[in-house]
Amino acid sequence: MNMTTRFPNRVRGPILFAYDGSDLAKLAIDEAGQQLAAGRTALVLTVWQPFDVGFVPAAEVRFDAAQVSDVQRAAEQTAAEGASLAQAAGFDARGTVIEAAPTWKGIVDVADEHDASLIVLGSHGRTGLAGVLIGSVAEAVAAHSRRSVLIAHRPDSQDRTSRPVSLETGNDSP
Amino acid sequence: MDKPVLFCYDGSEGSRAALSVAVELVMHPADAVVLAVWTPVAIQLARGGSLLVDVPNEGELDESEIAAAQRIADEGAAGARRRGYNASARIAEATESVAKTIRDVAREIDARLIVCGQRGRGAFATAILGSVSHQLSAHAERPVLIAPQHPAA
């Protein structure tokens with residue numbers, strides 16, 4: 001029996017977008033829309049925690065981070081915003097939220113619960129703390145999940161590194 | 001969009017699984033490059049902590065590493081073609097790190113996506129996950145699809 005018949009649902013599970021409302025999370029949705037086969041169902045997940053929040057509120061949303069119901073409501077709005085973006089990118093998408101800490105565990109658990117065929121996220125989970133938390137959520141999800149993970153990167157990161165000096169080129173150099 | 005998909009391939013079960021996963025998930029037909037990275041024997045020895053400075057048949061050993069990489073890349077490209085990709089084989093020498101070599105090749109071919117297995121023989125997994133954890137924002141710059149060796153059912 002081959003792998004395909006042994007895991008018949010693997011292909012059909014939704015794509016899970018870990019969406020924290022950051023620019024990079026938005027970029028990841030766009031990126032997935034361009035890379036992936038069209039017409040997939042998608043779940044847009046915003047992970048939240050009281051106090052720490054863990055996501056970027058949708059525009060004009062004000063809330064008290066200590067009020068759990070407020071944080072959850074704001075997270076739902078962020079997830080809904082992500083679902084709209086995913087719809088626009090060609091996915092049959094809906095938003096969902098989960099209270100979880102650490103964030104990566106919430107992502108891995110929801111992926112398992114829905115038998116996600118792929119987890120999509122940005123190379124860092126948060127804005128504002130870049131340099132401190134870069135890669136931490138993506139790293140943890142990739143390390144802990146037994147599902148495929150697509151990691152999107154900031155498009156400008158290339159400019160920060162020098163061009164490679166030595167590269168074994170083929171015979172097609174210009 | 002004609003940018004190729006770059007498959008990191010080392011012949012391991014994990015890198016084979018990555019080819020299959022990509023077919024399920026990633027838009028195709030598409031151009032693809034299947035890359036096998038080889039590491040010069042002298043560098044392998046140095047990493048292994050060997051104090052051997054001169055390997056008498058170093059050149060010969062490197063030749064056999066190159067030949068092995070080429071076989072692996074050819075096998076991977078054939079697999080990718082069977083799965084509907086317009087794939088070519090490519091080998092590259094890891095002079096610094098496998099991650100950097102992959103990054104450099106991805107730049108050179110302007111890959112739209114890098115696909116690798118989560119656990120290969122070690123090198124790719126460590127390189128990519130290592131770059132995810134430590135150098136990703138600086139080094140990987142393109143979308144990376146990491147496929148698990150044993151997908152969850």
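These legends walk through a few close-up views of a predicted model. Residues are numbered from 1 along each chain as its sequence is written, while chains are lettered from A and ligands numbered from 1 in the order in which they are written. In this predicted model, local features need pLDDT of at least 70 and side-chain atom pairs count only at pLDDT 80 or more, whereas totals for chains, interfaces and linings use all residues; side-chain values use heavy atoms, with hydrogens and water left out.

**View 1. An open sheet of 10 strands includes strands of chains A and B.** Read across, the order is β3(A)-β2(A)-β1(A)-β4(A)-β5(A)-β5(B)-β4(B)-β1(B)-β2(B)-β3(B), and the pairing is mixed. (Strands are DSSP E runs of at least two residues, numbered from the N terminus; two of them pair if DSSP finds at least two bridges between them.) At the edges stand β3 (92-99) of chain A and β3 (86-93) of chain B, each with a single partner strand, so one side of each has no neighbour in the sheet.

**View 2. Strand β2 (residues 41-48) of chain A meets β3(A).** The two run parallel and are joined by 8 bridges. Look for A:L43, which sits opposite A:R94 in β3(A).

**View 3. Helix α2 (residues 23-35) of chain A has 13 residues.** The buried residues of α2(A) are A:L24, A:A25, A:A28, A:I29, A:E31, A:A32 and A:Q35. (Buried means under 20% relative accessible area, exposed over 50%, partly exposed in between, with a 1.4 Å probe and protein chains only.) The partners that these buried residues pack against include α3 (68-88) of chain A and α1 (13-25) of chain B.

**View 4. Helix α4 (residues 98-109) of chain B is mostly covered.** Of its 12 residues, 11 are buried, including B:V98, B:K100, B:R103 and B:I109.

**View 5. A:S148 sits in the loop between α5 (136-144) and β5 of chain A.** A:S148 counts as buried because its relative accessibility is 4%. Leaving aside neighbours within four places in sequence, A:S148 touches residues of both chains, among them A:S117, A:I119, B:V21, B:L25 and B:P148. (Contact means heavy atoms within 4.5 Å.)

Definitions and conventions. Helix = DSSP H or I, 4+ residues; strand = E, 2+ residues; numbered from the N terminus. Expected span 1.5 Å × (residues − 1).
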